[in-house]
Each structure stands twice: as structure tokens, then as C-alpha cells.
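Thanks for coming. I have one structure to go through today, so please look at it on the screen while I talk.

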Amino acid sequence: MFTIDLHAHTRFFHGHERAAELFDPIGVRLLTLGARYRGLDGVALTNHDYYRQFGGLAVETIPGIEISTTKGHILVIGPDPPTRTEPGTLIPHEVVEMAHERGCAAIVAHPYRNSTVREVDADFDAIEVNGKHPRTEEWVTTLAERNGLPLVGGSDAHYPVEVGRAYTRVDADVLTPGSVVEAIRDGRVEPAVRRDTFDKGVRRLYRKIHEGKENLHRPKEESPGVGDPPQAEKADD
């Protein structure tokens with residue numbers, strides 16, 4: 001059994017591509033050091049619309065990319081992700097097909113934050129419990145059950161202190177990009193969310209940011225575990 005953060009970034013910010021790419025070698029080392037400190041076995045590098053390979057890091061890294069489709073973000077994780085994609089040009093079906101052709105898994109990222117990818121009838125491999133919004137976990141669980149898909153966990157870390165706040169337990173004999181993809185497709189994965197005082201504090205900050213942007217989408221239907229979380233959970237997350 002391995003613990004892997006399946007959604008993490010090497011830069012602190014979006015935009016300013018030249019400065020950000022110059023920062024990547026530093027960011028990835030800080031990220032993997034943070035992952036090792038938090039007891040993780042690996043971390044997937046899923047920068048927005050590009051992938052770069054790095055070596056000599058503190059924990060195992062899994063190649064990946066977070067693709068900005070016409071409907072929202074999809075994580076492509078595995079041995080051969082595309083190195084660059086144009087934001088907002090690919091439809092989800094194209095991304096899923098490309099992921100599978102390259103031996104990668106296609107995962108719906110943060111399905112209830114600024115995304116309608118969850119509404120697309122495509123051959124996804126998993127759905128993510130996102131570390132920025134763990135209070136949506138029950139919504140995401142209902143969505144995954146409805147679609148017969150496994151759940152995975154990812155922190156969506158941009159700062160090293162965020163890594164591992166959500167992660168995935170992967171049932172595999174060895175830790176390789178291929179074995180992670182196989183475990184996801186076989187359902188031999190389980191999400192986990194850290195709920196200690198530090199992580200709750202970071203999430204409160206992000207909740208204020210994203211609620212201010214009004215990009216957290218609540219499900220329209222009412223069913224067990226779906227809808228506005230109880231006030232007590234809002235206070236604790």
C-alpha cells in the first residue's frame with residue numbers, strides 16, 4: 001500500500017509563464033520535501049496544461065498534467081502525459097481518449113468547483129476528492145457511486161505546506177506510473193483527507209477565496225449527503 005498525493009503543482013501562482021517556469025525546479029523540490037515530511041510515498045506533478053520531468057527528488061513523482069478543457073479541469077496521470085495543451089480548446093471526450101491512448105488515467109478534478117466536467121458522459125477512470133474543498137466529499141461520493149467510478153484524493157497544492165492534505169491510498173506491489181494507473185482503473189484506491197488544526201486553517205482561507213469568486217457549485221438535487229453541509233461541518237472544515 002502506497003500513499004500518493006495525485007494532484008499537486010510546482011508553482012505558487014498561475015500566469016507569468018516565464019517566471020513560473022524558472023521557479024519550477026525550486027518548487028518541485030520544496031513540494032517533494034513537503035511530501036516526504038508528511039509521510040507520503042509519492043506525489044503526482046499535475047501543473048496546468050504542461051508537464052515537465054524532474055529528477056533527484058525526495059519522493060517518487062508520478063507524471064501528470066491538469067488539462068483545462070472546455071468544461072473544466074481533468075487530471076491525466078500516468079507514464080506518458082502530454083507535455084503541453086492549449087487551455088480551453090479540448091473537450092473532455094478528447095482528453096479522456098488522449099489519456100487512454102497514452103496509458104494514463106483520466107480523473108475528474110474538483111468536480112464541484114468551477115467545472116461541469118462531472119456532467120459529461122465520458123469514460124473517466126476516477127473522480128477526485130479535492131483537498132481544498134473536503135466538505136464536498138459526500139457530494140463527490142454520491143457522484144462517484146452514480147457513475148460507478150472509484151474515488152481518489154489530491155491536495156491541489158500550489159504551496160508546499162498544502163501537499164498531502166488530501167491523498168490516495170494505492171494498493172500496489174510497486175510504485176510506478178503504470179501501477180498507479182492500473183490500481184485506479186481496478187478500483188484499488190481510496191481517498192483520505194487530513195483534518196488536523198493546520199489543514200483546517202488552510203482550508204478556511206481557501207473557502208473564503210473561492211466563495212468570494214462564487215465558483216463552488218452545489219448540486220441541484222437533494223439526496224442523502226448532497227446539499228448544504230451542516231453548520232457544524234462548515235465551522236470545522
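Gly-103 follows H2 and has a positive phi, near 70°.

A word on the source. This is a predicted model, in which local features need pLDDT of at least 70 and side-chain atom pairs count only at pLDDT 80 or more, while totals for chains, interfaces and linings use all residues. Residues are numbered from 1 along each chain as its sequence is written, and side-chain values use heavy atoms, with hydrogens and water left out.

Back to phi. Most residues other than glycine have a negative phi. Asp-49 is not a glycine, yet its phi is positive, about 65°. Asp-49 sits in the loop between strand S2 (42–45) and strand S3 (60–68). Is Asp-49 buried or exposed? Its relative accessibility is 6%, so Asp-49 counts as buried. Buried here means under 20% relative accessible area, exposed means over 50%, and partly exposed is in between, with a 1.4 Å probe and protein chains only. Asn-114, also not a glycine, has a positive phi of about 55°. Its place is the loop between strand S5 (105–108) and strand S6 (126–130).

Now helix H2 itself, residues 92–101. Which of its residues are buried? They are Pro-92, Val-95, Val-96, Met-98 and Ala-99. These residues cover an arc of only 165° around the axis, which puts them on the same side of H2. The arc is taken from the directions from the helix axis to the C-beta atoms. As background, an α-helix has 3.6 residues a turn, so residues three or four places apart point the same way. The cover over the buried residues of H2 includes S3, strand S4 (73–77) and S5.

Next, salt bridges. I count one where a side-chain nitrogen of Lys or Arg is within 4 Å of a carboxyl oxygen of Asp or Glu. How many does a search of the whole structure find? It finds 11 salt bridges.

One of them joins the side chains of Asp-80 and Arg-102, at 3.3 Å from N to O. Asp-80 is in the loop between S4 and H2, and Arg-102 is in the loop between H2 and S5, so this pair ties together parts that are 22 residues apart in sequence. Asp-80 is partly exposed at 38% relative accessible area, and Arg-102 is partly exposed at 32%.

Another salt bridge pairs Arg-195 with Glu-137, where the closest N and O atoms are 3.0 Å apart. Arg-195 lies in the loop between strand S9 (189–193) and helix H5 (197–213), and Glu-137 lies in helix H3 (residues 137–147), so the pair ties together parts 58 residues apart in sequence. Both ends are partly exposed: Arg-195 has a relative accessible area of 38%, and Glu-137 has 23%.

Asp-186 and Arg-188 also meet through their side chains in a salt bridge, 3.0 Å from N to O. Asp-186 is exposed, with a relative accessible area of 53%, whereas Arg-188 is partly exposed, with 30%.

Note on methods:
Helix = DSSP H or I, 4+ residues; strand = E, 2+ residues; numbered from the N terminus. Contact = heavy atoms within 4.5 Å.
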